[in-house]
Amino acid sequence: MFSGVIFFAYICNSIILIMQFNEHPEKRTDINHFKNTIIEKYLYERINILDEFIENAEKQGKEVYILEFSAAIYNVPLDKYYKNYDMFNLGNFGGKGEDGIIEDLAQKENAVFLIKKREFAQNWQHPSRVTDYVEANYKKVGEVSIYNVFTKENL
């Protein structure tokens, strides 16, 4: 009998959660691969702003790399995947670590790099040596949302 009561309570709780989900105003249906996902308004707006920026840069022949752990949130809706950059955390870079990423960045032509502004907190596994390298060796050409924009040349 106790198991029956627990099971019934679980079913009731599940029904309540499903009803709340269906009524949730932040449920999005217009972002590719995020259908029916609850996304807070600030993140929804940021995804749209950054994806528009990325698409515009690509029209100019540029490739955009977001040097931050949440890069995949912006790349997935555009059907993009950048190994080593979409999960931009220490420990995800292979044997050469941060040095390998710096070497890779130095080889990229027509690239744009987005680095989260200093006033926003970084993930505890953020590869600071990589972003410090970009900030020291590339030109800041603007800002988009919470990111500074760097490139070897002007956009």
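Visitor: What does Ile-31 touch, leaving out residues up to four places away in sequence?

Guide: In this predicted model, where local features need pLDDT of at least 70, side-chain atom pairs count only at pLDDT 80 or more, and totals for chains, interfaces and linings use all residues, Ile-31 touches Ile-39, Tyr-44, Ile-47 and Pro-77, a contact being heavy atoms within 4.5 Å. Residues are numbered from 1 along each chain as its sequence is written, and side-chain values use heavy atoms, with hydrogens and water left out.

Visitor: Why is Ile-31 called buried?

Guide: Buried means under 20% relative accessible area, exposed means over 50%, and partly exposed is in between, using a 1.4 Å probe and protein chains only. Ile-31 has a relative accessible area of 4%, and is therefore called buried. Ile-31 is placed in the loop between strand 1 (27–28) and strand 2 (37–38), where strands are DSSP runs of E with at least two residues and helices are runs of H or I with at least four, numbered from the N terminus.

Visitor: What makes Gln-60 partly exposed?

Guide: The relative accessible area of Gln-60 is 49%, so Gln-60 counts as partly exposed. Gln-60 lies in the loop between helix 2 and strand 3 (63–66), and its C-alpha is separated by 9.2 Å from that of Asn-110, 50 residues apart along the chain.

Visitor: How do you know that the span of helix 2 is close to the expected one?

Guide: The expected span is 1.5 Å times one less than the number of residues; helix 2 (residues 41–59), with 19 residues, reaches 27 Å from its first C-alpha to its last, close to the 27 Å expected. Among the buried residues of helix 2 are Tyr-44 and Ile-47, both of which Ile-31 touches.

Visitor: Why is helix 4 called roughly parallel to helix 5?

Guide: The axes, which are lines fitted to C-alpha atoms over the stretch in contact, with angles from 0 to 180 degrees between N-to-C directions, come within 9 Å and cross at roughly 30°. Angles under 35 degrees count as roughly parallel, over 145 as roughly antiparallel, 65 to 115 as roughly perpendicular and the rest as oblique, and helix 4 is therefore roughly parallel to helix 5.

Visitor: Which residues make the contact?

Guide: Helix 4 contributes Glu-98, Asp-99, Ile-101, Ile-102, Leu-105 and Ala-106, and helix 5 contributes Ser-128, Arg-129, Val-130, Tyr-133 and Val-134.
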